[in-house]
Amino acid sequence: MTDERFFNAEEAYSRSELEALQQERLRATVKHCMNSPFYRERFRSAGLSQDDIRSLDDLHKIPFTTKQDLRDTYPFGIASVPLGDCTRLHSSSGTTGNPTVILHTARDLDQWANAVARCLWMVGCRPDDVFQNTSGYGMFTGGLGFQYGAEKLGMLTVPAAAGNTLRQLKFFKDFRTTVVHAIPSYAARLYEVMCQQGIDPRRDLSLRTLVIGAEPHSEDTRRRIEDMLGVKAYNSFGMSEMMGPGVAFECPGQNGMHIWEDYFIVEIVDPVTLEPVPDGEVGELVLTTINREAMPLLRYRTRDLTRILPGECPCGRVHRRLDRMKGRSDDMIILKGVNIFPIQIEQVLMQFSELATDYLITLQTLDDNDGMTVEVEISEKVLTDDYSALQKLEKEITRCLRDEILITPKVRLVPFGSIPKSEGKAVRVKDLRKQY
C-alpha cells in the first residue's frame with residue numbers, strides 16, 4: 001500500500017470491488033456453514049440448499065440467527081470446524097441462563113487483530129505510540145481484542161486492565177501513554193481522579209487519542225470527555241458474537257463508524273416486521289460474518305439500534321458508515337405505555353453545563369403507580385449551597401425531559417462523585433418496579 005491512510009488493500013476497495021468480494025465470501029461462508037449441524041438443520045427446515053445462495057440478493061432467503069440460538073446450542077453446537085481446530089473461546093457472562101460462546105481458530109484471531117489494527121491506524125495511531133488498555137481482560141473481548149490489534153500495528157502496549165485508577169494515572173505519566181482505550185463512564189472517572197490528584201491532562205500527560213465504546217453514549221458526552229482529557233475520542237463498535245472490537249470504527253471525520261464490509265454484510269431491519277428499512281432510517285442491525293472459520297453467523301440479529309448514514313465519507317473509504325448506537329431493542333424502557341431509551345435521557349442531561357456525566361435512572365412502583373426518578377451529579381464547579389438555583393435547575397431539567405420522553409420524571413441533583421461507579425459498563429437503569 002502506498003497510501004498512508006490505509007492499513008491494507010481491502011480498506012481502500014471501491015464499492016464494486018467490495019461487493020464482488022462480499023459475494024464471493026458469502027457463497028464460501030454458506031458452504032462452510034454446512035459443516036455446522038445447526039445450520040444444516042436450519043437450511044433443511046427452510047427448504048434451502050447452499051446452492052440457493054448465489055448472490056447478495058439471495059441473502060434475505062436465509063433465516064435470522066439469534067442470541068437464543070447460541071444459548072440453545074450451548075456450548076459448541078453452531079461451530080463449523082472441529083473443536084480441535086479452535087484456539088480460543090470467549091463467552092458472555094450468562095447471568096440469565098447459558099452464556100453465548102464464540103470459538104476462534106488461529107486464522108480468526110489473526111484476522112480479528114488485523115481489523116482492530118486497521119481501526120487504530122485509521123485514526124492516526126502509529127508504531128511509535130504507546131497504547132494503554134483500561135478494559136477488562138479474560139472472557140470480555142475488549143481486553144484481548146485491542147491488545148492483539150495494537151500489537152499487530154506495532155505499538156508499545158500497556159495491558160493495564162480495568163480499575164485501580166491511581167495506577168492507571170501513574171502509567172499514563174511514567175510510560176507517556178498517547179492512546180487509551182476506555183469505556184465512556186470510566187473515561188469520566190479518570191478525569192475525576194485526575195482533578196483530585198492535581199493532574200492537568202494537557203500539561204502533565206501525553207494523551208492524544210481515546211478509543212471509546214461498549215456503552216451507548218451521546219455526542220455531547222463524547223465532546224465533554226474530549227474537552228476534559230484534551231484528546232480526540234473515537235467511537236468503536238464491536239460485539240463478541242462477531243469477534244469483539246473492530247467491527248466498526250470512526251475515521252478522523254468522527255461522522256459515523258465505518259463497518260468493515262470485507263468482514264461483514266450489514267442489514268438494517270425494522271425490529272418488529274423484520275423488513276429492511278432504507279438508508280438513514282433507524283432499525284435493528286443485522287450482521288452476517290464472511291471472514292470467519294470457527295463460528296460464522298448468518299444474518300445475526302444484534303438487537304442494536306442504529307442506521308446507515310447516507311452519502312460518501314470525505315476520508316475516501318467506501319465501507320458504509322453506521323450511526324452511533326441508539327440503544328438496544330431489548331433495553332427499551334416501557335413506562336406508562338411510553339417507549340423510552342436511556343440515551344434519550346442522557347442527550348437531555350448533557351445539554352446542561354451545570355451537570356457532570358454520571359446519572360442513574362430508577363424505575364419503581366409507588367402507590368400502585370410506576371414512576372421514574374433521574375439522579376444526576378452536579379458538576380464539581382457548581383456551588384451546592386445555592387438551594388434556589390438548584391431548585392430552578394431541577395425544574396428546567398424536568399421540563400426538558402418531559403418534552404423529550406413525554407412523561408414527567410422526578411429529577412434529583414446529587415453531589416459530584418456520589419453515584420456509585422463500577423469497573424465494567426456503567427449501570428444507568430435500575431428497574432425496581434413490582435411485577436404483577
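Q132 stands opposite V180, a residue of strand β5. The strands concerned are β3, residues 130–133, and β5, residues 179–181, which pair in the parallel sense over three bridges; here two strands pair if DSSP finds at least two bridges between them, and strands (E, at least two residues) and helices (H or I, at least four residues) are DSSP runs, numbered from the N terminus.

The model is predicted, and local features therefore need a pLDDT of at least 70, while side-chain atom pairs count only at pLDDT 80 or more, and totals for chains, interfaces and linings use all residues. Residues are numbered from 1 along each chain as its sequence is written, and side-chain values use heavy atoms, with hydrogens and water left out.

## The nine-stranded sheet

Strands β3 and β5 belong to an open sheet of nine strands with mixed pairing, and reading across this sheet gives the order β4-β3-β5-β6-β7-β8-β9-β14-β13. At its edges are β4, covering 156–158, and β13, covering 308–309, and each of these two strands pairs on one side only.

Which strands of the sheet does helix α6 touch? Helix α6, residues 165–175, packs on the sheet and touches β3, β4 and β5, where a contact means heavy atoms within 4.5 Å. The direction of α6 makes about 175° with that of β3; axes are lines fitted to C-alpha atoms, for helices over the stretch in contact, and angles between N-to-C directions run from 0 to 180 degrees.

R176 has a positive phi of about 55°, although it is not a glycine.

## The four-stranded sheet

A further open sheet is formed by four strands in the order β20-β19-β18-β21, again with mixed pairing. Strands β20 (410–414) and β21 (429–432) stand at the edges, and because each has a single partner strand, one side of each is left without a neighbour in the sheet. From one strand to the next, the twist averages 20°.

Inside this order, β18 (residues 355–366) and β19 (residues 369–378) pair in the antiparallel sense, over nine bridges. What is the bridge partner of L366 in β19? The partner is N369. Helix α11, residues 387–405, lies across β18, β19 and β20, and runs at about 135° to β20.

## A cis peptide bond

Between Y74 and P75 there is a cis peptide bond, with an omega of about 0°.

## The protein as a whole

Taken together, the protein holds eleven helices and 21 strands. Its radius of gyration is 23 Å, which is close to the 22 Å that the globule rule gives for 436 residues, so the protein is as compact as a globular protein of that length; the radius is taken over C-alpha atoms, and the rule is 2.2 Å times the number of residues to the power 0.38. Along the principal axes, the C-alpha atoms fill a box of roughly 70 × 55 × 40 Å.
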